[in-house]
Amino acid sequence: MKNPGKRLKITTVLLVLVMLLGVVPFAQADDEPPPACNPVAEALAAQMEIDCEELIEIMLDQEAGLGEVMQAWYLAQRLENFDGEWTELLDMSLDNGWGQLVKAFTLADQLEGVEAEDLLAAK
């Protein structure tokens, strides 16, 4: 072996560098990357006939996940007495929950002169 001291120094320097790079983060831990257009988001956006980037932007603005967005959109398609945008249902669900929302619209269908929004407000 030619120079074991030199090899030890190089190994030590490399270990210190690896330790430093492992300890010092390149990004803050709370800096989460924005959600990306994954295949599920792209399929939902295509069905909703909007761009995937627009869908992701709505999700970030509403602080909602794909499941919540999908539920709001499908519910807006299904409800006969709802003539607003699906984003309104998403807002309502975040305040009331999906069960209460469906109950209010179902009751409003069955009762004359009663609006689902009034039922939710009276809750």
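How many residues does helix H6 have, and how far does it reach from its first C-alpha to its last? Helix H6 covers residues 98-110, which gives it 13 residues, and it reaches 19 Å between those two C-alpha atoms. That span is close to the 18 Å expected at 1.5 Å a residue, where the expected value is 1.5 Å times one less than the number of residues. The model is predicted, so that local features need pLDDT of at least 70 and side-chain atom pairs count only at pLDDT 80 or more, while totals for chains, interfaces and linings use all residues. Residues are numbered from 1 along each chain as its sequence is written, and side-chain values use heavy atoms, with hydrogens and water left out.

The protein chain has seven helices and zero strands, and from the N terminus on its elements run α-α-α-α-α-α-α. Helices (H or I, at least four residues) and strands (E, at least two) are DSSP runs, numbered from the N terminus. Of the 123 residues in the protein chain, 25% are buried; buried means under 20% relative accessible area, exposed over 50%, and partly exposed in between, with a 1.4 Å probe and protein chains only. Among contacts (heavy atoms within 4.5 Å) between residues at least 6 apart in sequence, 34% join residues at least 24 apart.

Confidence is described by pLDDT, the predictor's confidence in each residue, from 0 to 100. The mean pLDDT of the protein chain is 79, and 72% of its residues reach 70 or more. Over residues 22-27 the pLDDT is below 50, and this stretch has one contact in the model beyond near neighbours in sequence. Where pLDDT is low, the predicted coordinates should not be read in detail.

The buried residues of H6 are Trp 98, Leu 101, Ala 104, Phe 105 and Ala 108. Seen down the helix axis, these buried residues fall within an arc of 130°, so they line one face of H6; the arc is that of the directions from the helix axis to the C-beta atoms. The face turned away from this buried side carries the exposed residues Lys 103 and Gln 110. Partners for the buried residues of H6 come from helix H4 (66-78), helix H5 (86-96) and helix H7 (116-122), against which they pack. Within helix H5 lies Ser 93, which counts as buried at 7% relative accessibility. Not counting residues up to four places away in sequence, Ser 93 touches Trp 98 and Leu 101. Thr 106, also placed in helix H6, is partly exposed, with a relative accessible area of 37%.

The largest nonpolar core has 29 residues. Such a core is a set of buried Ala, Val, Leu, Ile, Met, Phe, Trp, Tyr and Cys residues joined through side-chain atoms within 4.5 Å. The residues with the most contacts inside this core are Leu 55, Val 69, Trp 86, Leu 89, Leu 101 and Phe 105. Helix H2 (39-48), helix H3 (52-62), H4, H5, H6 and H7 each supply at least two residues, and H4 gives the most, with six. Residues touched by Val 69, not counting those up to four places away in sequence, are Leu 44, Met 48, Leu 55, Met 59, Ala 64, Trp 86 and Leu 90.

Aromatic rings come next. Rings of Phe, Tyr and Trp (its six-membered ring) pair if their centres lie within 6.5 Å; planes under 30 degrees apart count as stacked, over 60 as edge-to-face and the rest as tilted. By this rule there are two aromatic pairs. Trp 73 and Tyr 74 form an edge-to-face pair, 5.1 Å centre to centre with 70° between the planes. Trp 73 is buried, at a relative accessible area of 11%, whereas Tyr 74 is partly exposed at 36%. The rings of Phe 82 and Phe 105 have centres 5.6 Å apart and planes at 90°, so this pair is edge-to-face. It links distant parts of the chain, 23 residues apart: Phe 82 in the loop between H4 and H5, and Phe 105 in helix H6. Both Phe 82 and Phe 105 are buried.
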